[in-house]
Amino acid sequence: MTHRIALLGAQGTGKSQLAQELAAHLDGLVTVVIEDATALMAAIHAGMPLDDAELHRLAAEHKHRYDATLVTGLDLPWTPDGLQRDPSHSREDTDTLVRSLLQRAGIGYQVVYGQGDQRLHNALAALRPTGLLPGAPQQQDDPGKPWTWNCEKCSDPACEHRLFTRLTKQR
């Protein structure tokens, strides 16, 4: 069985790097497709206004295609990737839009932070409750409910965003 993981996030937040690291780590352990360029991200980067009908269509497609959704946090500095110039929208605005669209669509997700190997470690920890990793049982609370990762760190997206916004304004 092929599992699918969606990686979403603002420009320069390490989606492609994390996708490569996850693929290398999971190689031979589980059959997985990791996408860091989903239809939702394409719509966001193209500046497409998403009304509720379009959002619900994308959400239904997303839920059907992906077993887990990870959002990369804004803790990495933006660096050019050779594919695009400076981001046309602020990363904070894109991050807010990604999270709000996911929330409005009812798509469960986890935010991944960390530098270097810690980012991969945190992504794997976020994936454990989904049952995608060998030996990791899936949460059985409510099979129809989007999964959430509960830990000593707050994983409430709105709370994380408020905290990050306050921290960036203090610089």
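Strand 1 (residues 3-8) and strand 2 (residues 32-35) run parallel and are joined by four bridges. Helices (H or I, at least four residues) and strands (E, at least two) are DSSP runs, numbered from the N terminus. The model is predicted: local features need pLDDT of at least 70, side-chain atom pairs count only at pLDDT 80 or more, and totals for chains, interfaces and linings use all residues. Residues are numbered from 1 along each chain as its sequence is written, and side-chain values use heavy atoms, with hydrogens and water left out.

**Strands 1 and 2**
- His3 has Val32 of strand 2 as its bridge partner.
- Between strand 1 and strand 2 the chain passes through helix 1 (residues 15-26), in a right-handed β-α-β crossover (clockwise from the first strand over the helix to the second, with the strands pointing away from the viewer).
- Arg4 stands opposite Val33 in strand 2.

- The open sheet has four strands in the order 2-1-3-4, with parallel pairing (strands pair if DSSP finds at least two bridges between them).
- Strand 2 and strand 4 (110-112) are at the edges with a single partner strand each, so one side of each lacks a neighbour in the sheet.
- On average, neighbouring strands are turned by 25° against each other, direction ignored (axes are lines fitted to C-alpha atoms, for helices over the stretch in contact; angles run from 0 to 180 degrees between N-to-C directions).

**Helices on the sheet**
- Helix 1 packs on the sheet and touches strand 1, strand 2, strand 3 (68-72) and strand 4 (contact means heavy atoms within 4.5 Å).
- The direction of helix 1 makes about 155° with that of strand 1.
- Helix 4 (residues 91-105) packs on the sheet, touching strand 1, strand 3 and strand 4, and its direction makes about 160° with that of strand 3.
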